[in-house]
Amino acid sequence: MEQLIQEAKELLEENKVDVVIGYRSSPLPPFTQPAFIRRPEDCEQLVFNCGSVYNLTRYLIGLGEKAAVVVKGCEQRGLVVLEQENMLPRDSYLVIGVGCSGQVDEKKLMEGGFDRLPEQLSDELIADKCLYCDQHNTPDADIFIGDEVKSIEPQKERYAGLDEFFAQDYEKLYHQWTEVFSRCIRCYACRNICPLCYCEQCISYVNMPQWLPRSVADNNNYLFHMRRVLCMAGRCIDCGECERACPVDIPLRTLYKRIAQKIEGFFYGYRAGYNREQLPPLQDFNKDDSADFIL
Amino acid sequence: MTAENGNLYKPQIVTVTDVWVETPTIKTFRMVFDDPKVGDNFTFKAGQFGEYSVFGEGEATFCIANSPTRKGYIECSVKEVARMTHGLHLLDVGYKVGFRGPYGNWFPLEEMKGKKLMFIGGGIGLAPLRSLIQNVLDIRKDFDQVDIIYAARCEEEFVYKREIEEWKASSDCGLCLAVDPIPDQVCSDDVRVSFIPSILEEMKPDPKNRIVITCGPPIMIKLVTAKLEELGWPAEQIITTLEMKMKCGLGKCGRCNIGSTYVCKDGPVFTYEQIRSFPQEY
Amino acid sequence: MKMQKLSEDDIRAGLDKLSRETVVYAPIEQEGRLDFREMEKGGEVELGARKTIMSAKKLFLPQAEELFSFRAGKHSVEIIDPPKDEEPLVLFACRPCEMRALEIMDKVFNWDYADSQWNERRARATIIVFACLEPLTETCFCNSLGIDSSRSDGADAIIYTTAEGFFARAHSEKGEKALKVFGGKDEEAPEFTTRDFPEKFNTDLQEEMMENFESPTWKEVAPACIGCGICTFVCPTCHCFDIQDEGGRRVRLWDYCTGADFTLMLAHQPRPTQYRRYRQKVMHKYSYYPTRFGEILCTGCGRCIDQCPQNIDFREVLKKCDQLAPAETGGGG
């Protein structure tokens with residue numbers, strides 16, 4: 001922690017950045033909250049722990065200031081995609097990298113009645129996405145805090161269970177999802193919290209034509225979520241923020257992982273954000289690309 | 001007025017009886033209430049607005065552009081910018097439109113009686129002013145000198161061209177037309193090439209017993225009010241009408257507020273004195 | 001004073017009976033989420049000290065509500081009134097914060113124009129409130145705003161939970177009619193008071209916030225806000241709405257001022273940055289509404305704190321608003 005505070009202080013004192021975006025403690029689960037530090041003396045507030053769940057890279061687009069942001073391994077993939085989409089040049093911010101051995105699942109934390117973060121993150125409390133994490137240490141960091149986390153054996157496979165789930169009867173799945181989406185309150189938290197949702201005018205608000213009716217009635221929610229899957233295709237980095245933000249527990253990652261799994265299958269094992277040099281499928285074309293859907 | 005059975009959001013049905021193409025993007029629609037009882041009992045004051053709707057496209061806020069002294073119909077002048085206005089522009093004579101209103105406050109006609117009036121309009125901002133101009137000219141003897149200054153980007157962008165001809169010919173009001181001094185500007189001889197603040201600087205209108213009523217794009221209102229203040233005009237003698245995004249038009253949906261002022265209820269007509277006291281959120 | 005003493009069995013049997021006579025909404029858990037649901041759809045009613053995710057507001061201002069439908073041809077339009085729902089409903093076990101919120105919102109919905117949809121629902125509903133003698137969660141702050149959660153004078157009936165059972169008291173004829181179904185017997189009830197919250201907030205912020213509208217502190221009040229609609233939608237007092245035409249109907253929909261689209265016009269965007277939108281939210285609740293209607297548009301239920309994905313604590317926001325630095329001279333924000 002000392003190193004983090006010290007580095008952040010220096011960045012501000014030397015005017016290398018206008019703001020340090022990190023985590024500070026909070027008395028409420030998950031016992032941290034995003035912090036926007038502008039004065040060197042406030043850097044004392046900075047922490048990093050297993051409750052530092054927020055993907056802070058979300059604040060970079062449109063920030064209008066030079067920022068240093070604490071970035072976890074998974075989140076760095078979002079920065080790669082943003083750079084590939086020409087939305088966020090790499091030199092417009094500084095990455096404060098960390099070694100992360102897992103983040104807490106806030107809902108499980110609250111169910112367990114915890115009044116503080118545990119010293120050790122048990123399997124019962126850890127977020128699902130962390131069970132198959134393959135990027136514990138932030139790549140391409142300008143500053144790296146602490147020691148690197150040594151490799152941890154993933155406890156499950158990224159796409160585990162998806163094939164079985166989606167192999168179910170189509171009618172059954174449709175009704176199941178309809179019921180799930182009927183809970184949706186169209187708060188757009190999933191969209192607003194996602195670092196890759198940066199459209200100034202989201203298609204859900206375009207009204208000429210009104211592609212996606214705004215009301216929660218008539219299965220309109222299904223349309224919205226299916227549209228969002230298309231937005232995430234080939235881009236989602238599985239940081240899990242959408243699912244964490246959802247107030248009604250819609251299993252969004254199931255959808256976005258499924259489309260990612262399909263894209264990986266169609267496009268030579270492509271996974272968003274792992275390789276800056278590998279162009280995303282939407283930006284690339286190969287003569288050998290499968291075209292069996294055309295004929 | 002609202003429809004029966006108390007549903008505030010249910011519009012009256014009006015039929016389009018005339019359409020005038022003012023400019024390539026602006027049309028004026030004249031409409032008549034389908035229900036003659038509603039039409040006969042409909043009253044409003046100059047400055048008020050209504051929520052007009054194209055069924056299937058949505059509702060939008062427009063001022064009632066004709067004077068209450070001209071009975072039997074309501075008019076609105078609409079620039080085609082988005083979905084609802086696009087839908088409206090597709091309509092022709094005989095088509096049905098929804099109308100809710102009149103809403104909002106109105107120009108303080110009584111307080112203006114006996115005074116000199118100067119109307120300053122920019123572009124489509126002439127529409128809300130026209131309601132008052134027609135009203136004033138219809139009861140002309142109640143007022144002192146009446147002047148109209150109207151400017152637009154170019155002559156083609158003038159709205160109410162036929163009415164402008166009437167005002168030119170009339171001895172009831174003075175008229176000054178202007179177009180923006182942009183490169184390659186072409187216009188008739190009786191139209192000046194000048195921004196309004198420059199015209200005001202030249203004219204130096206005396207604020208004594210005179211009221212300015214102005215409407216136009218936000219930047220125009222800002223510059224005109226600044227120039228008038230410079231020329232010694234007290235802020236209470238400058239009246240304008242504001243535009244904010246509105247939905248319900250009657251103070252419930254929470255969208256049009258500037259600070260604690262609801263433009264749909266406390267406005268849209270305000271004095272510059274009032275506007276100065278608003279938080280600078282406009 | 002004497003109140004109707006009820007056992008848990010009395011209540012459950014009573015609810016069962018009521019739900020067969022009329023529509024009853026009560027807090028029911030589904031997959032770990034507690035919300036007001038129709039009893040008829042199944043599930044056990046929660047009688048314990050738990051807070052729902054969404055407030056009871058949705059029963060009086062539905063998230064999507066048909067204002068009317070229409071059949072529009074080229075030269076004809078027929079407006080069709082929405083199907084009239086005259087079924088009386090019972091709202092069971094909402095909390096004093098939610099009841100208070102309804103009374104606060106009655107004012108805007110009857111400001112000059114009476115919103116018939118809102119008023120009809122208010123008239124049709126029998127509201128039975130469960131008092132809170134303790135805060136439901138550590139995020140509750142109704143008491144800090146001066147609200148006494150041991151009473152709910154606007155409700156039709158109130159029920160107190162004790163270790164020995166429930167005590168119920170009707171405030172109105174409707175409440176009496178509903179409580180009769182529960183049976184039980186009259187018994188002397190203890191005096192019910194809430195534990196005083198340690199922290200009282202200064203809620204008299206109207207003028208201070210207006211005077212300091214351009215304060216640079218506004219940028220620090222909630223920089224983490226992502227502009228979603230969660231706090232607005234779970235809030236029992238937020239009521240701003242949108243009107244859209246869709247699918248042959250004109251519908252009224254919940255809207256949220258924290259979103260960029262709220263004031264976005266083609267020519268102009270009055271609130272282009274997030275801090276301005278957040279300022280609108282705070283000031284609408286703590287300045288504009290009290291100026292107009294004499295009441296703060298907040299009942300301290302804490303749902304916004306519970307559900308905010310970025311862990312923004314509205315109580316911290318209020319404290320910062322009590323210490324707004326004056327604006328720099330010579331310029332707006």
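How many residues of chain C are in contact with chain A, and how many residues of chain A do they meet? In this predicted model, 27 residues of chain C are in contact with 26 residues of chain A. On the side of chain C that touches chain A, at least two residues each are supplied by α7 (230-234), β11 (241-246), β12 (249-254) and α9 (303-307) of chain C. The most is given by α7(C), with three residues. Classified by residue type, this side of chain C comprises 13 nonpolar, nine polar and five charged residues.

Chain B was examined at the level of its domains. The domain assignment divides chain B into domain 1 (4-103) and domain 2 (109-241). The C-alpha centres of these two domains of chain B lie 25 Å apart. Contact between them involves 15 residues of domain 1 and 16 residues of domain 2 of chain B. The side of domain 1 of chain B that touches domain 2 of chain B has six nonpolar, six polar and three charged residues.

A pair of helices in chain B was also characterised. The axes of helix α6 (residues 196-203) and helix α7 (residues 218-230) of chain B come within 9 Å and cross at roughly 15°. Because angles under 35 degrees count as roughly parallel, α6(B) is therefore roughly parallel to α7(B). The crossing of the two helices, α6(B) and α7(B), is right-handed. From α6(B), the residues B:Ile196, B:Pro197, B:Leu200 and B:Glu201 meet B:Met220, B:Leu223, B:Val224, B:Lys227 and B:Leu228 of α7(B). By class, this contact of α6(B) with α7(B) contains seven nonpolar and two charged residues, and no polar residues.

Notes
Residues numbered from 1 in each chain as written. Chains lettered and ligands numbered in written order. Predicted model: local features only at pLDDT ≥ 70, side-chain atom pairs only at ≥ 80, totals over all residues. Axes fitted to C-alpha atoms, helices over the stretch in contact; angles between N-to-C directions. Helix = DSSP H or I, 4+ residues; strand = E, 2+ residues; numbered from the N terminus. Parallel < 35°, antiparallel > 145°, perpendicular 65-115°, else oblique. Left-handed = near helix turned anticlockwise from the far one by under 90°. Contact = placed C-beta atoms within 7 Å. Nonpolar A, V, L, I, M, F, W, Y, C, P; charged D, E, K, R; others polar. Domains from an automatic or database assignment.
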